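The sequence and the structure come first, and the description follows.

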Amino acid sequence: METFDFGQVKGAKDEKDILDAVKKIVALQKQMNSPTRDGMINALSDAQSTAGKEIQQIEYSQGDTIPTPWMCFPDRDLYRKLSQYQEGLRQHCVKKIGEKAFEELLKRLQK
């Protein structure tokens, strides 16, 4: 596997967290390209476990202020949330390694 310079990252735990977040961004994108109800719920739930704070801020800024169980969302709302959660994961990573390093890592992992 190719190595990547994480720059500002402090320790293996943060490196693992960033790689995990990028993989979850890719999983959300796969659901955007070919959605299934269970797949969207799983991808959203996984993303929330990594970047809950950033995702919550995005949800609130876009008017999603009432916590609701996944099973109560119609498919169209689950689909809409995919991009919100991608953005939350992106912000999570950018806070840790900066935008340039994040974009480079994302490009490498999507190949």
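## Terms and basis

A residue counts as buried under 20% relative accessible area, as exposed over 50% and as partly exposed in between, with a 1.4 Å probe and protein chains only. This is a predicted model, in which local features need pLDDT of at least 70 and side-chain atom pairs count only at pLDDT 80 or more, while totals for chains, interfaces and linings use all residues. Residues are numbered from 1 along each chain as its sequence is written, and side-chain values use heavy atoms, with hydrogens and water left out.

Rings of Phe, Tyr and Trp (its six-membered ring) pair if their centres lie within 6.5 Å, with planes under 30 degrees apart counted as stacked, over 60 as edge-to-face and the rest as tilted. Over the whole structure, the search finds two aromatic pairs. W70 and F73 form a tilted one, at 5.9 Å centre to centre with 40° between the planes.

The pair of W70 and Y85 is edge-to-face, because the planes stand at 65°, with the ring centres 5.9 Å apart. Y85, like W70, is buried.

## From the loop to the helices

Helices (H or I, at least four residues) and strands (E, at least two) are DSSP runs, numbered from the N terminus. W70 lies in the loop between α2 (37–61) and α3 (75–97), whereas Y85 lies in helix α3, so their pair ties together parts that are 15 residues apart in sequence.
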